[in-house]
Amino acid sequence: MAVKNEEKYIESAIRSILSQEVPDIELIVVDDNSSDSTADIVRSIALADGRVIFELNPSSGKVSAFKRGYELVQGKYIALFAGDDIMPPGSLAKRLAVIQEMRSPSVLMSKIRVISEDKKIDGMLIPKKAGRGNPSGASIMFDAEAAKYLMDIPEVLPNEDTWMDFCLTYLPMLYVKSHDDVSCFWRVHSGNSITIRDDFQTFNNKFSSRMNVINEFLKKYRGILAAERIFYLQKLACAEEFRRKGQWMNILFSNIALSDKARFLAYSNKYLYSLRKSLRAI
């Protein structure tokens, strides 16, 4: 867990993990320079429960906090989590039962369910489609071999989610499987790092920072990617440049997947962003 200023949620998040019926669990919590009582709360829990390992981030940033936690890992299987979410009862045991039967390097994607005061999104399942998991950090479990790629996150990126997504989508050596169990109750609140509740400029700045993943991913893994995947990522990088410049017509005629095109279009200008926002999507 990489945490920062989560005093309102951190204890319930940790308790939801420690209550999992899995032997030999270790919970590594790295505090990323919190200015509230988060670190004190975690220290107190760690003193009472030897399964909890507490560490202060020697650097700064969510990615560096996760990477510091990874340096301390002793287990064979790894799951990431946030300091403001809840892990459903039985989640770890269910995921372990599946991933232990998978070929290495293995990654198991699960689903997340939204917890929000907004009744229109409260209880939303992501993704809705059966047989498809979510590639974000809190909804995947992976073995130590897969971690060599998934945790090699460039620290210029603001978070782990987009890097995980690109690894699962484009790296040929990973064995990826989905199942329909929920691995995370995701609290949607004002402190989330990015949601479509933000105004356009705020969201655009955050999204642009995340989309730096395209060039970073190509820089690191170009040598092991198939030519067609390199070509597609280059086209994706061009579409992202169009999006940053608000050139939605160029995005429209870009030769990229419909899902990528729809996302880039929705975040290319204030009007399209407002339209997407009106759909109440997260």
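## What counts as a pocket

A pocket here is an open set of grid points where a 1.4 Å probe fits, with protein on both sides within 12 Å along at least five of seven lines. Please keep in mind that this is a predicted model.

## The second largest pocket

With that in hand, the second largest pocket has a volume of about 600 Å³. Its lining is made up of 29 residues, and those closest to the centre are Ile25, Glu26, Tyr77, Ile78 and Ala79. Two or more lining residues come from each of β2 (27-31), α3 (62-71), β4 (77-79) and α4 (91-99).

Which element gives the most to this lining? That is α3, with four residues. Sorted by class, the lining has 23 nonpolar residues, alongside three polar and three charged ones.

## A nonpolar patch on the surface

Moving to the surface, you will find a nonpolar patch formed by Trp248, Met249, Leu252 and Phe253, which together have about 420 Å² of accessible area. Phe253 sits in the loop between α10 (248-252) and α11 (258-266). Is Phe253 buried or exposed? Its relative accessible area is 65%, so Phe253 counts as exposed, the cut-off being over 50%.

## A buried aspartate

Asp85 lies in the loop between β4 and α4. Asp85 counts as buried because its relative accessibility is 4%, and the limit for buried is under 20%.

How values were computed:
Residues numbered from 1 in each chain as written. Predicted model: local features only at pLDDT ≥ 70, side-chain atom pairs only at ≥ 80, totals over all residues. Heavy atoms only, no water. 1 Å grid on protein atoms, 1.4 Å probe; cavity = no way out; pocket = protein on both sides within 12 Å on 5 of 7 lines; lining within 4 Å. Points joined across faces, edges and corners; volume = space filled by probe spheres on them. Nonpolar A, V, L, I, M, F, W, Y, C, P; charged D, E, K, R; others polar. Patch = residues over 30% accessible without salt bridge, like charges linked within 9 Å, V, L, I, M, F, W, Y side chains within 5 Å. Areas by Shrake-Rupley, 256 points an atom, 1.4 Å probe, with all protein chains shown as cover. Salt bridge = Lys/Arg side-chain N within 4 Å of Asp/Glu carboxyl O. Buried < 20%, exposed > 50% of the residue type's maximum accessible area, 1.4 Å probe, protein only.
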